[in-house]
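Hi,

Here is the structure I promised to pass on. Have a look at it first, and then read my notes below.

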Amino acid sequence: MDTRRLLRTSALALATAGLLISGCSGGSSSPGASASASTKDGGLAPASALQPYYAQELKWRPCGVPGFECSTMKAPLDYDKPDGKSIKLAVARKKATGPGKRLGSLLVNPGGPGGSAVGYLQAYAGIGYPAPVRARYDMVAVDPRGVARSEPVECLNGKEMDAYTQVDQTPDDAAETTRLAASLKNFAAGCEKRSGAILPHVSTVEAARDMDILRAVLGDEKLTYVGASYGTFLGATYAELFPDRAGRLVLDGAMDPSLPSRQLNRDQTAGFEIAFQSFATDCVTQTDCPLGTEPAAAASPRLKAFFAALDAKPVETGESRKLGESLATTGVIAAMYDEGAWPQLREALAAAMDGDGAPLLALADSYYEREGDGSYANLMYANAAVNCLDLPPAFTAPAAVQSGLPEFEKASPVFGRGFAWASLNCAYWPTPATGAPHRIEAKGADPIMVVGTTRDPATPYKWAQGLAEQLDSGTLLTYEGDGHTAYGRGSDCVDTAINTYLLEGTLPPKDKRCR
């Protein structure tokens, strides 16, 4: 699988993915039904106030990609003030190709938070999903509020972001700790300066409410949806808010909404350690492994020693940026999302150890969505904005990180320190969190498919187990394999189970496992 496409559609940032406070909804499930939605004080926004949004008609137009149409949908900026300002959300679709009776719209979201759903649809889902699915469904995507084409959150310019990505994420003394904290504060201040109006309104709950407006204007009685990674939390939140409107939902690479951010970050740290050990076990059997040959257990200390060497003396890359520990770590993490990137990682590590940091820098750039001209997509900006609104911070001060280092280093001797310090980012966020950890049961929703991969680095398998257990109608499908998410990754067993569910509504047997 192409690593750049993978990271653009599936990558989670180092910070934890978020989740939001529960809400409730009212009204029937018809497309133009009551548009009531919960507000922060527990009340309901009057259906009449939201009705213009539910009644809007999308004007479709060609959008430069053959076979796809694009439009713009309006939604309230603040669902507590539905008569106030509105925002514009980018929507794209590819109509069902046939043969067979059209089943409605299939909404897709690649995760992040911050991944462009429209980009994912046009580059992959709309052309790469199984043909029988594309034949029966209009393939649809909306960039969530604050993301990509939907009033994107902006924080730093290209040079500022370059500096931010190079700051030492594993400070060794007070001075380095101060520089890291200052970098995180500067990032947050940049977001407030450039995007202060939208920052309080990019929560997952609000994005889920936007999806219900889209469901209605598309003319669907219920939402059919495939969400990956963070997209599983978005889908589960939709089912929680609108259980009577939740149709066939596939939640692939699932998150557990009941966990606080510190535990989510620690679990993810352990997930990347498991993924790295799988890589190392394979690497030492290859003739070009830069981490040596057997035993595989020696790979971790060798990589850790290499990172330490880069911390002391970065290597050249052929451009003004050098490859230091932070960018090198990000490059390695990027390749953990898919085992198809392992050969590329071996080559990049070997080159870096030989003094050429360019290949590993390219992996880090793909993770950050840095373009060749030095500009960045808004993935990391939106990621932080959603995460920091969705959950209280994992750590509130550097001293708290210091106290938590042992548990993170136990989870991963190689990545633990970096993940712990990255978890400090929301401590300085200008907008207070509105969400809290909670169970999502979605009582009354149709059967929901939850998919988990046993060696998934970014969304550990136990999160899928947790979500499937919480959902009143959840069924877990297990993929015994490596990489992030399972659908479309080469397992006929997984793909057949998901396709059958989407096309026929039939779930696989309880506790089904695939290879």
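Two residues are in contact when they have heavy atoms within 4.5 Å of each other. With that in mind, take the contacts in this protein between residues at least 6 apart in sequence: 75% of them join residues at least 24 apart. Do keep in mind that this is a predicted model.

**The overall picture**

The protein has 18 helices and 10 strands. Its radius of gyration is 22 Å, close to the 24 Å that the globule rule gives for 515 residues, so the protein is as compact as a globular protein of that length. Along the principal axes, the C-alpha atoms fill a box of roughly 60 × 45 × 45 Å. As for burial, 61% of the 515 residues count as buried.

**The cores**

Which residues have the most contacts inside the largest nonpolar core? They are F187 and L360, and that core has 126 residues. If you click on F187, you'll find that it touches C155, L156, M161, Y164, M380, Y381, A384 and W429, leaving out residues up to four places away in sequence. There is also a second, separate core of 32 residues, and V451, L477, V494 and Y501 are among its members.

**Aromatic rings**

A pair of aromatic rings is described by the distance of the centres and the angle of the planes. Searching the whole structure turns up 18 aromatic pairs. One of them is Y120 with Y129, an edge-to-face pair with 6.5 Å centre to centre and 80° between the planes. Both Y120 and Y129 are buried.

Another pair is F272 with F419, which is tilted: the centres are 5.4 Å apart and there is 55° between the planes. F272 lies in helix α9 and F419 in helix α16 (residues 416-422), so this pair ties together parts that are 147 residues apart in sequence. Both F272 and F419 are buried, and they belong to one aromatic cluster along with Y337, Y367 and Y368.

**Helix α7**

Helix α7 covers residues 204-218. Its 15 residues, at 1.5 Å a residue, should span 21 Å, and its end C-alpha atoms are 21 Å apart, which agrees. Is α7 enclosed or exposed? Of its 15 residues, 14 are buried, so α7 is largely enclosed by the rest of the structure. Just after α7 comes G219, which takes a positive phi of about 85°.

S278 is in helix α9 (residues 261-283). Why does S278 count as buried? Its relative accessibility is 17%, and buried means under 20%. Leaving aside neighbours within four places in sequence, S278 is in contact with W342, R455 and D482.

N387 is in helix α14 (residues 379-390). N387 is buried as well, because its relative accessible area is 3% and the cut-off is under 20%.

Happy browsing!

Conventions:
Residues are numbered from 1 along each chain as its sequence is written. This is a predicted model: local features need pLDDT of at least 70, side-chain atom pairs count only at pLDDT 80 or more; totals for chains, interfaces and linings use all residues. Side-chain values use heavy atoms; hydrogens and water are left out. A nonpolar core is a set of buried Ala, Val, Leu, Ile, Met, Phe, Trp, Tyr and Cys residues joined through side-chain atoms within 4.5 Å. Buried means under 20% relative accessible area, exposed over 50%, partly exposed in between (1.4 Å probe, protein chains only). Helices (H or I, at least four residues) and strands (E, at least two) are DSSP runs, numbered from the N terminus. Rings of Phe, Tyr and Trp (its six-membered ring) pair if their centres lie within 6.5 Å; planes under 30 degrees apart count as stacked, over 60 as edge-to-face and the rest as tilted. The expected span of a helix is 1.5 Å times one less than its number of residues. The radius of gyration is taken over C-alpha atoms; the globule rule is 2.2 Å times the number of residues to the power 0.38.
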